[in-house]
Amino acid sequence: MVLEIGAALVAIGAGVAIGFAGLGSGLGQGIAAAGGVGAVAEDKGMFAQGLIFAVLAETQAIYGLLIAILLMLGAGLIGGTPKPISVAAGLAAVGAGAAIGFAGLGSGIGQGITGASSVGAVVEDKDMFAQGLIFAVLSETQAIYGLLVAILIMLGASLLGA
Amino acid sequence: MADGIISIVAQMGFPSIDPLLGLLALVGLIVGAIVIVVVIRPLLDIFPYAYPNARVRARTGKILTEKQLTEIIESNDLTEVTNYLRGLPDYAKYIDQYPLEKALDTHLADNYETLTKIVPKDIKPIFSVLLQKWDIRNIKSIIAAKEADLSREETVNLIVPFGELKDSLDKLLDAKNITEIINGLEGTAYAHVLDEALPAYQKTGMVLPLEASLDKFFLENLLTAASNPSDESARALHSYIGTQIDAANLSIILRAKAEGLMYDDIQPYIISDGYQIREWKLKDLMESESVGNVVSSLDGTEYAQILTDALPEYTKTGSVAPLEAALDEKVRQTAKALSVKIPFGIGPIVGFLSKKEKEIRNLKVITRAKREIGFSNSKIKELLV
């Protein structure tokens, strides 16, 4: 099997999508989880709340994974033989990957920092849970924009369900 | 369309589209790497504080509220105060183990030791120096106990079981006089510090030179440890410690001036490096004629306004206590400002330390007041910070 340039570009797009989104998600989750561990070390009852704030930053990686899988499916890189993909469509796939990848990177890190801060606020004052959650969820919107744009690019380039 | 792209690629000097795409991929990789470095660098400062800050904020949440403090003040006697604190999990284990004041100090020392263990490694050396506070406190307590001819058991009740010397205090407790205490400290920096102040003690018969030399040694060490700030958090910690040192220097100068002491009397106790108030300014202040002159000489510094505001109270009462209280408040305000300014770094830790120190100070005031007969609750409230 010889991989054409178009399909190779789609593979790069998929890599960028999950790579950067996963990086942001991992860093964000690490920061939030470190805060969660600190909170639990002081108050065992904080486990559930700490986990919720740490898990929030997982979604960016999920979005990246989703786009990566859709790209690979679209190009026939999984579940079939590679389809002929034009160079232009391949570049569009890189764009789609970059959209969710970079949006996920920033969003994940931002959410992690807010999550760690919120865990601190909740362990200091239990009544802060709802407010902390709202602030932490705000960063999610950037990842959703990235996801939306990535899907629109894929639709426009006929990479989705092609 | 395809022909157009091929001709553009050819005009750019590429024989086909493949090398151009390769170049684009390379550029993309470089851009990606730059983005990662730019994004991750600030995180390197934030990440080490996520864990300690969560722990510290949990402890901040357990700081006594105004309502709780009022309930403690309204206790009928010391037993009720003790029982109230026994009901708080943070204090219970110490209350059951030690006399009340020792329990309060031990609780505070335990917090310092925990922080020393959990703070990021960049600022760990500063916290290690902060722990010397308990060694110095213990040495001072033993010296004071010897002077007051207290029994071994009474002296043990003054000792806080923290610091580097905690396992070697027995030798000091058994010492019969100051010289034996210094001998017992052989091999530590404290022996040298006390040795230097010994002639002044022998000349005056007062322990003040010994205590002051230990305090000076501690604060100088602290300032030195904090003097090479590596990042925003370390800079903030330096400013907090520096403000404490300025306040300590000013406090010594103000007291000395209130008692009519001159430059030579004060100079040995001053931390000459200072922070905002540097050596030349300290010299000016020490040479001032009066408390009023010291305050007016501070124009242009952060301490001028707060001391000017407290000056009428000093003039009225003749006591420097209001001026010292203003300086303490300035240190607390600095801590509060840092806790807000650097929420993802050292801020919450500095804020917690300041609040915890204040809590313990207030509880000690209440404890001492409850020992006195006829000390009214309103008078206690006046003494709280």
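How many helices and strands make up the secondary structure of chain A? Chain A has 6 helices and 0 strands, where helices (H or I, at least four residues) and strands (E, at least two) are DSSP runs numbered from the N terminus. The model is predicted, so local features need pLDDT of at least 70 and side-chain atom pairs count only at pLDDT 80 or more, while totals for chains, interfaces and linings use all residues. Residues are numbered from 1 along each chain as its sequence is written, chains are lettered from A and ligands numbered from 1 in the order in which they are written, and side-chain values use heavy atoms, with hydrogens and water left out.

**View 1. Chain A as a whole.** From the N terminus on, the elements of chain A read α-α-α-α-α-α. Along its principal axes, the C-alpha trace of chain A spans about 60 × 25 × 20 Å. Of the 162 residues in chain A, 46% are buried; buried means under 20% relative accessible area, exposed over 50%, and partly exposed in between (1.4 Å probe, protein chains only).

View 2. An unreviewed UniProt entry places the feature "transmembrane region" at residues 51-73, 85-105 and 143-161 of chain A. UniProt positions are given in the numbering used here, with feature names shortened, and annotations may be inferred rather than shown by experiment. Residues 51-73 of chain A are 96% helix and 0% strand, with end C-alpha atoms 33 Å apart. Residues 85-105 of chain A are 90% helix and 0% strand, and here the end C-alpha atoms lie 28 Å apart. The annotation "domain: V-ATPase proteolipid subunit C-like", also from UniProt (unreviewed entry), covers residues 12-71 and 94-153 of chain A. Residues 12-71 of chain A are 92% helix and 0% strand, with 10 Å between the end C-alpha atoms. For residues 94-153 of chain A, the values are 92% helix, 0% strand and 10 Å between the end C-alpha atoms.

View 3. Helix H2 of chain B has 44 residues (17-60), which should span 64 Å at 1.5 Å a residue; its end C-alpha atoms are 62 Å apart, which agrees. The expected span is 1.5 Å times one less than the number of residues in the helix. A kink of about 40° lies at Ala50(B) in H2(B), shortly before the proline Pro52(B). The bend at a residue is the angle between axes fitted to the seven residues ending there and the seven starting there. Leu29(B) also sits in helix H2 of chain B, and Leu29(B) is exposed at 62% relative accessible area. Leu29(B) belongs to a nonpolar surface patch of about 750 Å², together with Leu23(B), Leu26(B), Val27(B), Ile30(B), Val31(B), Ile34(B) and Val38(B). Patches are made of residues with over 30% relative accessible area and no salt bridge; like charges are joined within 9 Å, and nonpolar side chains (Val, Leu, Ile, Met, Phe, Trp, Tyr) within 5 Å. Accessible areas come from the Shrake-Rupley method with a 1.4 Å probe, and for residues only the protein chains shown count as cover.

View 4. Lys67(B) pairs with Glu71(B), with the closest N and O atoms 3.2 Å apart. These two residues are 4 residues apart in helix H3 (residues 66-73) of chain B, so about one helical turn separates Lys67(B) from Glu71(B). Lys67(B) is exposed, at 59% relative accessible area, whereas Glu71(B) is partly exposed, at 32%. Glu359(B) and Lys356(B) form another salt bridge (2.6 Å, N to O). Both lie in helix H19 (residues 347-371) of chain B, 3 residues apart, or about one helical turn. Glu359(B) is buried at 5% relative accessibility, and Lys356(B) is buried at 3%.

View 5. Lys330(B) and Glu302(B) form a salt bridge, with the closest N and O atoms 2.7 Å apart. This pair links distant parts of the chain, 28 residues apart: Lys330(B) lies in helix H18 (residues 321-341) of chain B, and Glu302(B) in the loop between helix H16 (291-297) and helix H17 (303-317) of chain B. Lys330(B) is buried at 15% relative accessibility, while Glu302(B) is partly exposed at 42%. Elsewhere, a network of salt bridges links Glu42(A), Arg55(B) and Arg59(B).

Methods
Salt bridge = Lys/Arg side-chain N within 4 Å of Asp/Glu carboxyl O.
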